[in-house]
Amino acid sequence: MSSSEVPPGNTAPRARSREPLSDIRSGIAVVWWGFFDWLAVVSWMKLAVVCLLAMILGGILNFPLLALVVIIASLIIKVIASGKRRAEVTAEEATRRAETEQLERTVVEARMQALQAQIEPHFLFNTLASIDQLILTDPPRASQMQRSLIRYLRSAMPKMREAKRPTLGQQLDLCTAYLEIMAVRMEDRMQLAVNVPKGLTSAVFPSMMLQTLVENAIKHGLEPKAEGGRIDIGAEVVDGRLAVHVQDSGVGFRPGPGGVGLANVRERLQALYGDRAELIVDLPAQGGTRATIMVPYEIGAP
Amino acid sequence: MPPAPAATAIVADDERLMRDQIVGQLREAWPELAIVGEAGNGREAVALARSLEPDIVFLDIRMPEMNGIDAAKALAGEAHIVFVTAYDEYAIDAFEHGAVDYLLKPAEPGRVKITCERLRARLERKPLPMDDLLTELSRRLGVGKSSSDHLRWVQASVGGNIRMIATSDILFFRAEDKYTRVQTPRFEALIRKPIKELVLELDPEEFWQIHRATVVRVAAVEQISRNLRGNPVVHLKGSAETLEVSRSFHHLFHQM
């Protein structure tokens, strides 16, 4: 972190004043810093040759002492300047490398977390146990639930290369597979209302984010509540931004394990859109949690 | 041998399908066992067990209101406990080393039979209190829950709504009159918690106090300059506001 003063040497004075005195002063400054920079980058060999020439010139012009002083001063400046220069170059390189590395790491980490956070073993095993029970008591429903699980697993599988940008409609479809499963398991402990205008299903919406909000709403909102509750999913366009919300009437937001999924959503939004996207978590007066993701409104490829 | 009175049991699981499953399997493995009640959460299970006094209680681990482990604690010594779970690595590991029985959903019929035989043998004795095991289970259930004790969310009111603001979104906190202002790149909100309490709860790696009245998120700092009095001034990413560093916190910026 540097202070706000301009680093010397590399920048020529930009403002040209008409006053002759300050013209001369800035002229000297330019020459001085030019000399300083030259000293910093010139090889020792060249400098030795130049010093020799200066000594000869000093001898011819009969200023040997002046020549000696200039040479010694140059050598001292050379030592200081090259050290400073080297440090500057190293620092610049390190900064550049750190920035690139940081960016790469963020992207990779975001991707990895997105993949990891997806299939929760607890969900998977409980669903399989439920299917096992339905096979005995209600085979058609067992088959239906198994198909939902397959759809869910397929959507949650890592897709490193996505041909098209995901749309809200696709993301909603993937959530319904999960919600269908939870509806069978939770029975009347879960009511669902989806209110997404048809026109918005083609809007671009990042993958697996709606899924995270929906899973949070079930896992941290409704499941811990004995009587369960309802989930509302909705979307609207506000000031050129697509706002997608998931609201539950569950036990309310409790910071803790649920934060991992949300932190991941937040990081990915930041990586994808910077400041143009945001995640908002509200606690409505009537209870429960309302999570909203806002992204720039764009129509995706059909 | 005189016929022993039929053993009784209750089954607790928040999902009906899972209750049906374990009840069905118990009927097959142990037809004489009377399932006298079913509960949908831990609290119900404890209440039901207190009123019906069954010999055995089958408890799912993850249930609303009160989890299976806490229910088992409440019922310690009153009934024989069998835990039922679909997947709980931490718990299964503990069960392997403990005296308590458990079933994995969906349970193999052979495995249910073994559990039933063990229970028949145990019914002649008093239920074990299992204190150590349950304490250990509670501990394991808590592991991973709070990855850190530091504040990660701040609850603030924004335009009549209560909003959860992630600490990673916050630029700084600043004491203002009776309130503390929370500033993010997009909005500001007021909270009642004073700076001196916040400082204790925030992650000291994430937030630095730079003034009696100011706490800044380190990652939000763009650069430091000096004001006319020579004091360092913090410039932030995403806000034009600058924050002065008071004398007692100068040392924070010496190494930078």
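**Reading a predicted two-chain model**

Me: Which elements of chain A have the lowest and the highest mean pLDDT?

Reply: pLDDT is the predictor's confidence in each residue, from 0 to 100, and among the elements of chain A the lowest mean, 72, belongs to helix H1 (residues 20–41), while the highest, 97, belongs to strand S3 (residues 241–248). Helices (H or I, at least four residues) and strands (E, at least two) are DSSP runs, numbered from the N terminus. This is a predicted model, in which local features need pLDDT of at least 70 and side-chain atom pairs count only at pLDDT 80 or more, whereas totals for chains, interfaces and linings use all residues. Residues are numbered from 1 along each chain as its sequence is written, and chains are lettered from A and ligands numbered from 1 in the order in which they are written.

Me: Where in chain A does pLDDT stay under 50?

Reply: Where pLDDT is low, the predicted coordinates should not be read in detail. In chain A, pLDDT stays under 50 over residues 1–17, for which the model has 18 contacts beyond four places in sequence; two residues are in contact if their C-beta atoms, placed from the backbone, lie within 7 Å. Chain A averages a pLDDT of 82, with 82% of the residues scoring at least 70.

Me: How many residues does the contact take from chain B and from chain A?

Reply: The contact takes 32 residues from chain B and 33 residues from chain A. On the side of chain B that touches chain A, helix H1 (16–29), strand S7 (161–166) and strand S13 (221–226) of chain B each supply at least two residues.

Me: In which sense do strand S4 of chain A and S7(B) pair?

Reply: Two strands pair if DSSP finds at least two bridges between them. Here strand S4 (residues 278–283) of chain A and S7(B) pair in the antiparallel sense over three bridges, and Asp282(A) stands opposite Arg163(B) in S7(B).

Me: Is Glu53(B), whose phi is positive, buried or exposed?

Reply: A residue is buried if 20 or more other C-beta atoms lie within 10 Å of its own, exposed if 12 or fewer, and partly exposed in between, with C-beta atoms placed from the backbone. Glu53(B), with phi near 45°, sits in the loop between helix H2 (42–52) and strand S3 (56–60) of chain B, and Glu53(B) is exposed because 12 other C-beta atoms lie within 10 Å.
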